[in-house]
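This report covers a protein model.

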Amino acid sequence: MGAGGQKDKEIRCTLCMPSLFLACLFVLLECILHVRGFGLTGRYVLNKVFFAALFGYLAGALISFLPVLIRRIVGIFISTVGILLYTAQLIYFSVFSTYLSLSGTAGVTGQALDYTHVIFQAMKKEWLSMILLVLMIALSVLFFVKWMPAGRPGLKGFLIRFGAYVLAAFGFFLFLRGQGRGIDTPYDLFRNYNSVDLSVQRLGILDSTFLDIVTGIRAGGGGKVTHTGFSGEERVEVPTATELEKNTEIEQLEKDLRKAGLHTEEPSTEEEIPEVKVYGPNILEDVDPAKLARTEEDGSIRDIHNYVAGVAPTIQNEYTGMFSGYNLIFITAEGFDGLVIDPERTPMLYKMSHEGFYFKNFYTPLWYGSTSGGEYANLTGLIPRSGGYLSMARVGFRENSMPFTLGNQLGKMGYAVYGFHNGTYDYYDRNYSHPVIGYHNWIASGSGFTEEKTEYGYSIWPQSDAYLESETIGLYVNKEPFHAYYMTISGHLPYSWGGNAMAARHKSFTENLPYSETTRVYLSCQYEVELMLERLYQDLKRAGVLDRTLIVLSCDHVPYDDLEILDELAGHKLERTFEVYKNTLIVYSASMESPVVVDKYCSSPDILPTISNLMGLPYDSRMMAGQDILSNSPALVVFQDHSLITDVCRYNASTGEVTETAGVKVSDDYLESIRTIAANRIRLSDSICEYDYYRYLGIDPE
């Protein structure tokens with residue numbers, strides 16, 4: 001072979017080899033993460049392979065035009081950063097049971113230091129994958145230093161390969177469209193990035209990272225990242241199993257009577273028909289979204305107006321205003337799970353969870369941002385955004401109008417309103433968000449709360465929830481009517497005797513229990529919630545306001561890093577899509593003469609509208625993602641990955657599996673309708689946050 005032929009061959013190898021190497025590298029990384037997160041199933045794996053190969057090929061082709069030394073440096077840099085990205089996703093998922101949104105966590109990266117111990121635990125647990133990823137970095141260095149050809153391609157070679165790349169990219173786009181354009185399809189997620197988990201599952205790490213970064217840049221620059229194109233019908237009526245059984249029993253009775261030559265008696269027209277109370281809808285009478293839409297010039301706001309106008313509101317009921325004028329204490333308990341509750345070990349928790357409203361099917365989905373997302377769902381009745389930004393922080397930074405939150409509603413009515421936290425006051429940027437949602441008196445560590453310290457003067461970690469109550473009750477208990485909100489911290493991970501001071505304080509509480517050490521640590525630190533409620537109960541009673549106070553408690557999230565704890569407490573391995581998130585919601589007042597048992601499926605975004613209805617507060621049920629649990633509206637629980645629970649079925653978004661739960665046949669039309677409703681509520685939540693929608697209604701939040 002001549003010198004020219006040899007040179008041409010070298011140039012072809014130069015262009016081909018980096019592209020081939022990086023394409024194979026990123027395809028391998030996608031496959032590793034796919035298997036780790038979703039098993040050996042091939043569902044959506046081609047999307048990931050296709051995009052990873054495209055990215056690797058393009059990156060390799062571009063660096064081929066660089067001088068050799070720079071090419072080596074850039075090649076090693078791209079490989080290493082890529083491998084570290086996949087490593088971060090692996091560790092993040094292992095800790096938080098969700099995938100990482102780079103733009104969503106950009107503002108709270110410094111708080112990752114609080115999870116150092118947990119991160120190292122996760123790395124230890126993922127040791128095999130970690131070794132493989134380190135070896136891949138070494139292989140990348142070896143390739144670019146030792147094996148990469150030194151030649152550079154010409155313009156012709158570049159144009160040919162660039163044209164091939166454009167065709168391949170267009171083919172990828174068509175490939176996505178070929179998988180459908182409906183809700184949560186890969187094509188829909190590619191166009192409307194709204195779930196980091198679904199995006200990773202159906203598009204892959206690289207594609208999701210690209211979409212996430214673009215979303216973050218647009219959000220940071222003031223651009224809108226949420227489309228307001230709502231679709232579908234918001235009214236879906238499916239008979240419950242109870243109704244079907246009732247109808248069947250009546251029909252069978254009629255048949256039996258006719259067969260016996262008898263007939264059923266028609267009710268006498270002379271009998272007095274009892275008066276039936278007619279309840280009105282939970283809407284704001286002076287707010288007409290349809291009318292506002294006709295004069296609104298902003299197309300996006302007009303879309304939201306029109307959507308809200310078409311939503312069926314929840315109807316008031318026998319419990320509407322049951323606690324009107326009552327004091328309210330709302331607690332978001334860090335990492336709490338209802339499996340902690342025991343009639344002997346935690347008698348106050350048991351009393352309040354069983355003698356008030358007893359919600360038998362309440363769920364706390366794990367939202368993006370863990371505690372921040374959980375608080376947002378509890379306090380706003382909206383579904384937190386899954387990637388791009390943290391919804392709670394965003395409404396704070398933008399000073400959004402949030403008129404329906406309990407802090408703003410009750411503050412407007414003259415209540416003394418306080419927010420308390422025994423953690424740092426600006427953690428998750430609560431110093432911005434919580435005044436916006438009504439807690440102008442935001443008292444936390446560094447902002448009015450005096451931390452409990454050791455005998456050597458060091459702050460205890462985590463702080464005691466019972467101590468928080470004792471230090472703050474005097475600020476409001478004699479200022480009726482009052483509303484106090486508590487964000488606790490004693491139940492925070494890590495769950496080890498040395499990592500949680502409250503667990504160590506109550507070690508004797510669980511020393512004789514037949515559980516693993518981790519589970520005993522968890523139970524020990526959660527005992528602080530029991531002590532807090534005991535003190536609260538007694539303090540309210542001494543002040544003479546117990547019977548005029550409503551107590552609400554929910555959690556921000558389950559102990560996501562140690563789900564085996566819940567398995568052990570439950571006595572069996574819990575199913576990970578739905579069952580592990582089943583939890584307890586406390587809505588209790590000592591004035592209740594008997595408990596109210598509620599079978600309806602419900603979740604954390606339903607808390608705000610339910611409490612608003614119980615307290616007789618004016619709110620518009622069409623403008624929340626949650627709904628009054630005590631209303632007759634069909635149940636709908638939405639999870640972060642867009643899985644669903646309704647009155648009649650469970651829908652697993654990851655697998656597409658539908659499980660009928662009430663003896664009712666679930667049709668494809670019903671499933672499509674309920675998925676559309678869920679998608680619209682997610683989009684409504686995003687739009688309210690993104691477009692500051694409530695401000696357009698002219699409601700004064702103060």
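## Overall figures

Accessible areas come from the Shrake-Rupley method with a 1.4 Å probe, and for residues only the protein chains shown count as cover. The protein exposes about 30500 Å², with 56% of it supplied by carbon and sulfur atoms. This is a predicted model: local features need pLDDT of at least 70, side-chain atom pairs count only at pLDDT 80 or more, and totals for chains, interfaces and linings use all residues. Residues are numbered from 1 along each chain as its sequence is written, and side-chain values use heavy atoms, leaving out hydrogens and water.

The protein has 24 helices and 16 strands (DSSP runs numbered from the N terminus: helices are H or I, at least four residues; strands are E, at least two). Of its 702 residues, 55% are buried (under 20% relative accessible area, 1.4 Å probe, protein chains only).

## Helices α18 and α21

Helix α18 (residues 465-476) packs against helix α21 (residues 517-542) at about 25°, with axes 8 Å apart. The angle therefore makes α18 roughly parallel to α21 (under 35 degrees, between N-to-C directions on a scale from 0 to 180 degrees, with axes fitted to C-alpha atoms over the stretch in contact).

Residues of α18 in contact with α21 include Y467, I473 and Y476; their partners in α21 include L531, M532 and L536 (contact: heavy atoms within 4.5 Å).

## Residue N47

N47 sits in helix α2 (residues 45-63). Its relative accessibility is 1%, so N47 counts as buried. Beyond neighbours within four places in sequence, N47 contacts F172, F175, L176, Q179, P186, R202 and L203.

Terms used
Parallel < 35°, antiparallel > 145°, perpendicular 65-115°, else oblique. Buried < 20%, exposed > 50% of the residue type's maximum accessible area, 1.4 Å probe, protein only.
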